[in-house]
Amino acid sequence: MKGKWVISALVLLAFSQVACAQLKLFPAKGKQEILDTTRMAGKDSVAVAAADSVAAAPVFTPPSTVKVQLRLPLDGSAERKAGYMNFYEGFLLGVRQAASEGIQVDLEATECGAAAPRETDGFHLVVDAAPVQQLLRENRAGWTVVPLETETEQLCDSCQVALIPGGWQTRTAELARWIREDWKPWDKLFVLAPGTDPKTEFLKKALKDKGLSFTQLGNDYPHQNYESIRGTARFVLVAEDPGYTASVVNFLSGPVKLKKAETVFYCSSKVRSYARRFEEDALSNANTRMVSSYCVDYTEPQVDSFILDFRHYYGAEPNQFAFHGYDTALYFLRLASLYGEQWALGLEKDATPAQGLLTDFRFRHENGGKGLVNTAFRRITYAADLSETVESVYAQ
């Protein structure tokens, strides 16, 4: 706890001043480690690191130092503040890794409250976690990385933003594609929804486009004649109703087995936010197939290394926000180290996917909008033995 307290005090200090070439932000057993981002690695290591994200383009002049502005909202509840501080802690570790690869970084971390001025000129890279309405009002000239906002249809229509969370429409289409891939003769598909909502209507259209027939069920799902199905009973849910979702998960994790053993449940990661409403092993018992923008694969060695580093520097366990901060910093710093403030053109020039610890990256324009949306997702399969399998996929 002592280490955590020290870093919190230092982080708060960082929001009142610019954190430049030497970031004195990493306590190690009571002592600060100076992160010297002016220390250059060999050219080969820089090239290898950059190649993980995009291919170098000779028409761009790489900056000698990547100037970065990170803007985080630190108002609101204690839980909200803690999440953004965890993101910041992970972001700093991403800066540290970039520095070890020879990428010089000049980082300014500021608050982006409603009254905070937004001066973003002179930066190669701006990462802004402000609420969507504030981003729409400011609509700055130049590109902005939006790491956490999910209202993609509003932002991408008129703003030059790179949205890391995949759009709900693309995610829903990915669910339909997964069902189509799993489909076998004699299977039957049920769309679950308590009523009519835009996301369920979009899902139904996506299923029809894939040539899949289905039956829509509302609150009557427990009373269907599932015993007569010769193949697998497949269920899919995208409606965001907490009570209904919890009831469905509880039913599919147990009672349905008395009627039909072979069942599969497809859903988006929104279901995880209702986890307190059902049993811990419910998703596994329901044979869940989940599409998410975020998921840590704890079988990866790089994940173990990050966890150990986070424990060392912060005296705590990293959560999803910390992993996300690390991925965001490292991916876009590598990009900006090659293309400078034109990093968005680098995204468009090279569609090669890149994999992070929590999320993957591949961007494209959606529906003719000005912005770029991440179309990389992770499929999570929950097995009956409580194990999870994570697979990276990219929208077609």
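This is a predicted model: local features need pLDDT of at least 70, side-chain atom pairs count only at pLDDT 80 or more; totals for chains, interfaces and linings use all residues.

I counted two strands as paired if DSSP finds at least two bridges between them. I took helices (H or I, at least four residues) and strands (E, at least two) as DSSP runs, numbered from the N terminus.

Residues are numbered from 1 along each chain as its sequence is written, and side-chain values use heavy atoms, with hydrogens and water left out.

Entry 1, strands. I looked up E3 (residues 66-72) and found that it pairs with E4 in the parallel sense over seven bridges. Leu72 has Glu111 in E4 as its bridge partner. For E4 (residues 105-111), I noted that five of its seven residues are buried, that is, under 20% relative accessible area with a 1.4 Å probe, protein chains only.

Entry 2, cavities. I worked on a 1 Å grid over the protein atoms alone, where a cavity is a set of points at which a 1.4 Å probe fits but cannot get out, and lining residues have an atom within 4 Å of a point. Grid points are joined across faces, edges and corners, and a volume is the space filled by probe spheres set on the points. I found two cavities of 30 Å³ or more. The largest cavity holds about 70 Å³. Ten residues line the largest cavity, and Asn139, Arg140, Thr144, Cys159 and Val161 lie nearest its centre.

Note on methods: Buried means under 20% relative accessible area, exposed over 50%, partly exposed in between (1.4 Å probe, protein chains only). On a 1 Å grid over the protein atoms alone, a cavity is a set of points where a 1.4 Å probe fits but cannot get out, and a pocket is an open set with protein on both sides within 12 Å along at least five of seven lines; lining residues have an atom within 4 Å of a point.
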